[in-house]
Amino acid sequence: SGINAEYRGERVFFGSGKGDVGAMDLRVLGKGVVKYKGSVGSVRGLAVHPNEPYLASVGLDRHLRVYDVGTRECVRKFYLKHKLICVVWTGERVREEEEEEEDVWDGLEEVKRRKVEED
């Protein structure tokens, strides 16, 4: 089994070959281990978002999972066609789906209907 680790502040985030995703608080070694829910299959890559409280994981089950670091819940899950071994975040702010939809609608022009005369 393999372990991937990502350091952020006082925690180490890890993924195992058995499919576990978790975090260890370095301030209380041995006692501060918590697990994240929803992972299945060998975890091959982890990444903590640089500005938001999110952890991403990928593995041999072909899913990208995004966890909320505070609640440890899987907030998004995407099926991918390939078995990935690494994941990277950009520095951009994570936008919610509702925000994205609003941006799409705000960018569209209004089209007015006109009546077509019949012969």
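In what order do the 4 strands of the open sheet run? The order is 5-6-7-8, and the pairing is antiparallel. At the edges stand strand 5 (43-48) and strand 8 (74-79), each of which pairs on one side only. From one strand to the next, the twist averages 15 degrees. Please bear in mind throughout that this is a predicted model.

Let us look at one strand pairing in detail. Strand 5 and strand 6 are joined by 5 bridges in the antiparallel sense. Within this region, Val 43 stands opposite Gly 59 of strand 6.

Strand 6, residues 54-59, also holds Ser 57. Is Ser 57 buried or exposed? Ser 57 counts as buried because its relative accessibility is 2%, where the cut-off for buried is under 20%. Leaving aside residues up to four places away in sequence, Ser 57 touches several residues, among them Val 43, Gly 45, Leu 46, His 63 and Tyr 67. Between Ser 57 and Phe 14 the C-alpha to C-alpha distance is 9.5 Å, with 43 residues separating them in sequence.

Tyr 67 brings me to the aromatic residues. The count comes to 2 aromatic pairs. Tyr 36 and Tyr 67 form an edge-to-face pair, with 5.5 Å centre to centre and 75 degrees between the planes. This pair links distant parts of the chain, since Tyr 36 belongs to strand 4 (residues 33-36) and Tyr 67 to strand 7 (residues 63-68), 31 residues apart. Both Tyr 36 and Tyr 67 are buried.

Methods
Residues numbered from 1 in each chain as written. Predicted model: local features only at pLDDT ≥ 70, side-chain atom pairs only at ≥ 80, totals over all residues. Heavy atoms only, no water. Phe/Tyr/Trp six-rings, centres within 6.5 Å; stacked < 30°, edge-to-face > 60°. Helix = DSSP H or I, 4+ residues; strand = E, 2+ residues; numbered from the N terminus. Buried < 20%, exposed > 50% of the residue type's maximum accessible area, 1.4 Å probe, protein only. Contact = heavy atoms within 4.5 Å. Pairing = 2+ DSSP bridges. Axes fitted to C-alpha atoms, helices over the stretch in contact; angles between N-to-C directions.
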